[in-house]
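Please walk me through this structure in plain terms.

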Amino acid sequence: MVDVRFQNGVELPSHGLWLDPHKAKPLAFVSHAHSDHLAAHAEVVLTPATARLMCARISGKRVERLLPYGQTLELGEARLTALSAGHICGSSQLYIESEAGSLLYTGDFKLRGCRSTEACAWRQADTLIMETTFGLPQYQLPPTEEVIQGVLTFCRESLESGAVPVLHAYSLGKAQEIVWALLENGLVPMLPPAAHRLTEICAELQSGFPQGFLPLNVADAAGHVLVVPPGRKSKELLRSVQPQRTAVLTGWAMNPGARFQYKCDAAFALSDHADYPDLIRYVELVQPRKVLTLHGFAAAFAADLRARGIEAWALSENDQLELAL
Ligand SMILES: [Zn+2]
């Protein structure tokens with residue numbers, strides 16, 4: 001089995017490689033361009049699309065070892081293959097084969113299909129390192145199309161009542177997913193500069209991405225759908241847009257009362273992560289001998305897998321005590 005260590009990031013010491021570390025490292029695999037997965041590394045292994053998006057989000061020079069989906073890179077004795085993760089544009093998993101066995105690292109992933117992301121792929125592996133954001137049985141997402149239809153209805157009803165619909169969605173991933181659906185349905189989205197730039201890049205990278213999204217102009221917001229990142233900054237930026245109706249797009253909308261927590265008029269469970277049934281399904285597909293979990297309910301999900309007869313441990317939480325026992 002491949003030696004895996006965790007210290008503020010996942011390290012594969014026998015390969016000299018870090019997986020999505022938060023701090024700058026000599027050599028890192030970057031699974032996708034969400035900010036919590038980026039740092040000023042000296043050398044990076046990543047897909048060409050993630051490289052484009054990373055350049056738009058983080059300055060500085062680095063050596064890029066581009067790894068398109070399905071292609072292989074030699075790293076010492078190991079063979080590295082990138083597999084689509086289905087999370088956001090360009091997102092990938094890393095499959096590593098070496099004399100020590102095979103390892104699959106998911107990064108963030110989802111199995112559900114969507115408009116703006118390549119479908120998730122997988123391979124069987126001895127060791128599976130997986131994200132477990134929604135690793136509790138209560139987290140079961142409704143079908144994506146049903147959620148999108150709910151968002152579209154919210155936007156149409158807001159516009160008909162004379163209000164401006166404001167959708168709070170992360171600038172990379174969910175913003176493109178909803179922009180694509182809005183344009184397909186004759187609604188015109190406006191985005192602030194950073195989200196607009198990222199959407200332009202995704203539109204260049206993905207065939208079929210519809211045209212017609214606009215840069216945000218607060219004075220001309222009436223009749224448009226505003227797609228902005230969640231948070232106070234966006235609320236302040238749009239204070240003069242009145243009347244407005246707000247909705248947050250997040251997987252955490254599965255929690256009861258989410259719209260009150262986010263102080264919005266509505267909350268829609270649009271997520272770019274796997275829900276609990278898909279996390280379980282993924283383990284069944286990969287058939288690993290050992291699972292290491294990361295993010296969200298990592299310890300609870302690992303305990304759940306052990307109860308199902310699969311060796312599993314959380315990397316990022318302290319259930320290693322249980323391992324010692
Ligand atoms: Zn992510």
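The model is predicted. Its chain is divided into domain 1, made of residues 5-138 + 273-324, and domain 2, residues 144-268. The C-alpha centres of the two domains lie 29 Å apart. Domain 1 gives 15 residues to the contact between them, and domain 2 gives 14 residues. On the domain 1 side, eight of these residues are nonpolar, four are polar and three are charged.

The largest nonpolar core has 94 residues. Which of its members touch the most others? They are Leu167, Ile178, Val227 and Phe268. Helix α3, residues 174-184, supplies the largest share of this core, namely six residues. Both domains take part, since the core draws at least three residues from each of domain 1 and domain 2. Neighbours within four places in sequence set aside, isoleucine 178 is in contact with Val151, Leu167, Ala169, Val227 and Leu249. Two of these partners, Leu167 and Val227, have already been named among the residues that touch the most other core members.

Now turn to a sheet. An open sheet of seven strands runs in the order β7-β8-β9-β10-β11-β18-β19, and its pairing is mixed. The edge strands, β7 and β19 (311-314), each pair on one side only. On average, neighbouring strands are turned by 20 degrees against each other, direction ignored. Helix α8, residues 298-307, packs on the sheet and touches β18 and β19. The direction of α8 makes about 170 degrees with that of β19.

Strand β7 (residues 72-75) runs antiparallel to strand β8 (residues 78-84), and four bridges join them. Within this pair, threonine 72 has threonine 81 of β8 as its bridge partner. The hairpin of β7 and β8 has two residues between the strands, and glycine 76 there takes a positive phi near 60 degrees. On the next step, β8 pairs with β9 (residues 92-98) over six bridges, also in the antiparallel sense. Here leucine 80 stands opposite isoleucine 96 in β9. Further along, β10 (residues 101-105) and β11 (residues 127-131) pair in the parallel sense over three bridges. In that pair leucine 104 stands opposite leucine 128 of β11.

Some places in the backbone remain. Most residues other than glycine have a negative phi, and most peptide bonds are trans. Aspartate 20 is not a glycine, yet has a positive phi of about 50 degrees. Aspartate 20 lies in the loop between β3 (17-19) and β4 (27-29). Is this residue buried or exposed? With 22 other C-beta atoms within 10 Å, aspartate 20 is buried.

Glutamine 287 is another residue other than glycine with a positive phi, near 50 degrees. The loop that holds glutamine 287 runs between α7 (276-286) and β18 (290-294). Glutamine 287 counts as partly exposed, because 13 C-beta neighbours lie inside 10 Å.

From glutamine 242 to proline 243 the bond is cis, with omega near -15 degrees. Proline 243 sits in the loop between α5 (232-237) and β16 (244-249).

How values were computed:
Residues numbered from 1 in each chain as written. Predicted model: local features only at pLDDT ≥ 70, side-chain atom pairs only at ≥ 80, totals over all residues. Core = buried A, V, L, I, M, F, W, Y, C linked by C-beta atoms within 7 Å. Buried ≥ 20, exposed ≤ 12 C-beta atoms within 10 Å, placed from the backbone. Domains from an automatic or database assignment. Contact = placed C-beta atoms within 7 Å. Nonpolar A, V, L, I, M, F, W, Y, C, P; charged D, E, K, R; others polar. Pairing = 2+ DSSP bridges. Axes fitted to C-alpha atoms, helices over the stretch in contact; angles between N-to-C directions.
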